[in-house]
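Work through the exercises below with the sequence and the model open beside you, and try each task before reading its solution.

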Amino acid sequence: MTLSADLDISQIPFWGLPQADRLETFRRLRRLERPLFVPEQTVPFIGGGPGYHALVRHADVTEASRNAAVFSSEPCSNSIPDMPRWLSVYFGSMINMDDPRHARLRRIVSRAFTPRILSKMEEDLARAAAEIVDEAIEQGPGDFVAQVAARLPVRVICDMMGIPPKFHDLVLRRTNVILGNADPEYTGIDPNFSRVNVARGLAKLLRAGYSLNRMAARLGDERRKRPTGDLVSLLVGGEERLSPQELGSFFILLVVAGSETTRNAIAHGLKLFTDHPDQRALLLADFDARVGRACDEIVRYATPVIQFRRTLTRDHELNGVPYKKGDKVLLFYNSANRDESVFTDPDVFDITRDPNPHVGFGGPGPHYCLGAHLARREMSVMFRELFTRLPGIRTAGEPDFLLSNFINGIKHLPYTF
């Protein structure tokens, strides 16, 4: 089936529509007999392809995620057009690899997420959340994203990597540019992709990638010479180690994927608990027992990462639909997480939802998010701190959403306490 004018998810302006309108479009797409084929938008200096199949049902997304041998992350999973070498050197990383290269890098970087490492972080997480709320109280309410939601995940990841506090704001600004690459506020690129604005935006994107890559590479050089036992020392030492380029790409992946997913989940969470006071009261009635499911329901309902791409390595039939070698498919997690055939009342925010087989951290398989447990811990710690010390905290206006077909982001969120 080909694209119709009223289902035009290929154009960036579609992603600026109200959330309810986009959800209705994906509801209609799930009712089609087979996945929609979407012509690809060509981007100046990058190019494009013929298009992709939009996998919007939970069954298709999960099955494609499991079958990495057929639904490949190579040459690119985080960009619809193939990423040119001058971009992939910074933004490639292991999410754009299949085994055995992916397995090797995942095995090395999984050292960052062992139970021992994560348990050691508990006190650090609590202290960081307390200090962030201290400063928010001192400043007074304003923008929840800038004052609260964006600060904890960036701080946690920078602390993990040994990035000094004086660079945390710089890391956050670079992250905004990388994931806000289609949003005029961060890059100046207009939704129509005019050549002049795209050139300027890509220059900003390259500067952001280069800056973060060099920051990590310099730190890696120091730890190779003088290991301290921290995470970077573990990643660049031993028999299996990351090269300078791999370390730089991993840091970009870690700070972008790790901070943005958690940051947006926390921001969406405050909005959801403001709009659904019954769910907030339910959480606070037994926080320890309910916060785990609450975090998963926030991630399902908001789905901070909208989609990833896969490319078929051979002809294959998925749930009765044939695909050809070389076909692109997009795994729309936002749609899979609202699939009526899997979730009862999928548009209802319910923190007691059980089971909750959401794909907000990616589908099952080798590319499931390594940092899912850490993200849940950060959300839990921050909501505990906020609701304990600021019981009246709530949003005070509508979110300013990121213009993106990749991240369901909140740029600014007015709040009060």
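**Exercise 1.** How many aromatic pairs does a search of the whole structure find?

*Solution.* The model is predicted, so local features need pLDDT of at least 70, side-chain atom pairs count only at pLDDT 80 or more, and totals for chains, interfaces and linings use all residues. Residues are numbered from 1 along each chain as its sequence is written, and side-chain values use heavy atoms, with hydrogens and water left out. Rings of Phe, Tyr and Trp (its six-membered ring) pair if their centres lie within 6.5 Å, and planes under 30 degrees apart count as stacked, over 60 as edge-to-face and the rest as tilted. The search finds 16 aromatic pairs. One of them, Y90 with F91, is edge-to-face, at 6.3 Å centre to centre and 70° between the planes.

**Exercise 2.** Which parts does the pair of F273 and F383 tie together?

*Solution.* First take the geometry: F273 and F383 are edge-to-face, with 5.8 Å centre to centre and 80° between the planes. Next place the residues: F273 lies in helix α13 (residues 244-275) and F383 in helix α17 (residues 372-389), so the pair ties together parts 110 residues apart in sequence; helices are DSSP runs of H or I, at least four residues, numbered from the N terminus. Finally, F273 and F383 belong to one aromatic cluster with Y301, F349 and F387.

**Exercise 3.** Which residue lies over the face of Y301?

*Solution.* A charge sits over a ring if NZ of Lys or CZ of Arg is within 6 Å of the ring centre and within 35 degrees of the ring normal. R338 lies over the face of Y301, at 4.1 Å from the ring centre.

Definitions and conventions: Helix = DSSP H or I, 4+ residues; strand = E, 2+ residues; numbered from the N terminus.
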